[in-house]
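Work through the exercises below with the structure in view. Each task is followed by a solution in steps.

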Amino acid sequence: MSALSVELLAAAPPPTITDAGNTRLALAALAGIAVIVLLISRFKLHAFLALTIGSGVLGSVAGAPLAKTITSYSNGLGSTVASVGTLIALGSILGKLLADSGGADQIVDTILARTSNKRLPWAMALIAGLVGLPLFFEIGIVMLIPVVLLVARRSGESLIRIGIPALAGLSIMHGLVPPHPGPLAAIDAIHADMGTTLALGVLIALPTLAIAGPLFGRFAAGWVDVAPPERMTPARPSDDLERRPSFAATACTMLLPVVLMLAKALADVIIDDQSSLAYRIFDVIGTPLVALLAAVIVAMFALGRAAGFDKQRLSATVDASLAPIAGIMLIVAAGGGFKQTLIDCGVGQTILDWSKDWNISALLLGWLIAVLIRVATGSATVAIISASGLAAPLTAGMSTSHTSLMVLAVGAGSLFFSHVNDAGFWLVKEYFGMDVPQTLKTWSAMETVISVVALGFVMLLSVII
């Protein structure tokens, strides 16, 4: 947030761009969200345009001057791009290097070669979790589905029993663990600490993956029985490579940014003297921008050069990684603009005032807001960005750890019940060769399990820490 901070929201009613009453502001927020939902779901308008138009409707219904509404939207858009845009770009580059170099295939092949059929679902969950760390959900699906289909066919195991753990791993990382765009945007909107959110996100992601992946997959396989469709098994990404990077080099490169950011979070807790050299070193290397940039540079050598890429091939890989994220970047930026318009209109303060009289946990409320937007729009990214803007005032007075838990609660809500208005629903349906009812029983149910289980762990941690 560029105009306001959570602390100011808690201390006193902030200056807003409108003097509308609470009821009108609530109606304005509902109108803005309703327009976004309608444009995305009914008219199939791109989420960037829908969020932009929704911001204008929000300001108009709230009675704000058009010029000030535009200023709020522009400020929010610009600050979001400044804080999140570079991280999204670096994450995309890292993911592309991982895929094109054959590093992802190396991870998959190494783990599968040492795994029995009985443990295959757990291996697929592990693979998806590792591969999903630096990759966007859609990229991860495209990259892993051929592996899932081949493993199911060669092992004779149920496609659902093998596939659900892989899908769960990708989805959980997408919704809960930075540097994915949704969690990054929520961290920025809620002013949460990156290292703390990452540490708690991983802590919640692991047991959630076990429950929603291999354990739920066992039940889903009994509900739906489909054979791996041969037409959906394309050539693997690294079939044209003469050599691939080693398993150790690939795993270390993938985990490098996570380790650096977690090291910073640990240093914040252990080192008392913030002027010491050790603290300053960890503070710099654990900054998300530095951590991801370091991982990208390491990946160019440990992955790209190990696969035989020359300078031209490396440059082409980096170029190819940036084009697909244009749409994601615009959605995230527009979500930041909508969030800032909500705040500057006074909606944030209104939610804070009303929530004082509600007998409901702020974390549960943040989750519910994200659930409603997710079910209505079908977009996890739109849900987490919009809900984090609405939930930000609720974190006033919260500790650092509880502020991070709010990010994770909103992220969990953004994954709830994917259905026919979600592009991921149709992607999974076609790749797995299922019909709509079968996809609802497997993919949609899995997403709901992830959302509810993750919320349960968030609420549990909120009592413990």
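**Exercise 1. The chain as a whole**

Find what share of the contacts between residues at least 6 apart in sequence join residues at least 24 apart, and describe the make-up of the protein chain.

Step 1. In this predicted model, 82% of the contacts between residues at least 6 apart in sequence join residues at least 24 apart.

Step 2. The protein chain contains 21 helices and 0 strands.

Step 3. Of its 465 residues, 58% are buried.

**Exercise 2. Helix H9**

Determine how many residues of helix H9 (residues 181-190) are buried.

Step 1. Go along the helix: Pro181, Gly182, Pro183, Leu184 and Ala185 are among the buried residues of H9, and Ala186, Ile187, Asp188, Ala189 and Ile190 are buried too.

Step 2. The count is 10 of the 10 residues, so H9 is largely enclosed by the rest of the structure.

Step 3. After the helix comes His191, with a positive phi near 60°.

**Exercise 3. H9 against H18**

Classify the packing of H9 with helix H18 (residues 380-391).

Step 1. The two helices pack at an angle of about 10°, and their axes lie 9 Å apart.

Step 2. Angles under 35 degrees count as roughly parallel, so H9 is roughly parallel to H18.

Step 3. The crossing of H9 and H18 is right-handed.

Step 4. H9 contributes Gly182, Pro183, Ala185, Ala186, Ala189 and Ile190 to the contact, and H18 contributes Ile384, Ile385, Ser388 and Gly389.

Step 5. Sorted by type, the residues of this contact are 7 nonpolar, 3 polar and no charged.

**Exercise 4. H10 against H19**

Step 1. H10 and H19 cross in a right-handed sense.

Step 2. On the H10 side the contact is made by Thr196, Thr197, Leu200, Gly201 and Ile204; on the H19 side, by Thr400, Ser401, Ser404, Leu405, Val407 and Leu408.

Step 3. These residues divide into 5 nonpolar, 6 polar and no charged.

**Exercise 5. Cysteines**

State how many disulfides there are, and whether Cys252 and Cys345 are buried or exposed.

Step 1. A disulfide requires a pair of cysteine sulfur atoms within 2.5 Å, and by this rule the count is 0.

Step 2. Cys252 has a relative accessible area of 56%, so this residue is exposed.

Step 3. Cys345 has 1% relative accessibility and therefore counts as buried.

Note on methods. Residues are numbered from 1 along each chain as its sequence is written. This is a predicted model: local features need pLDDT of at least 70, side-chain atom pairs count only at pLDDT 80 or more; totals for chains, interfaces and linings use all residues. Side-chain values use heavy atoms; hydrogens and water are left out. Buried means under 20% relative accessible area, exposed over 50%, partly exposed in between (1.4 Å probe, protein chains only). Helices (H or I, at least four residues) and strands (E, at least two) are DSSP runs, numbered from the N terminus. A crossing is left-handed if the near helix is turned anticlockwise from the far one by less than a right angle, and right-handed if clockwise. Contact means heavy atoms within 4.5 Å. Ala, Val, Leu, Ile, Met, Phe, Trp, Tyr, Cys and Pro count as nonpolar, Asp, Glu, Lys and Arg as charged, and the others, Gly among them, as polar. Axes are lines fitted to C-alpha atoms, for helices over the stretch in contact, and angles run from 0 to 180 degrees between N-to-C directions. Angles under 35 degrees count as roughly parallel, over 145 as roughly antiparallel, 65 to 115 as roughly perpendicular and the rest as oblique.
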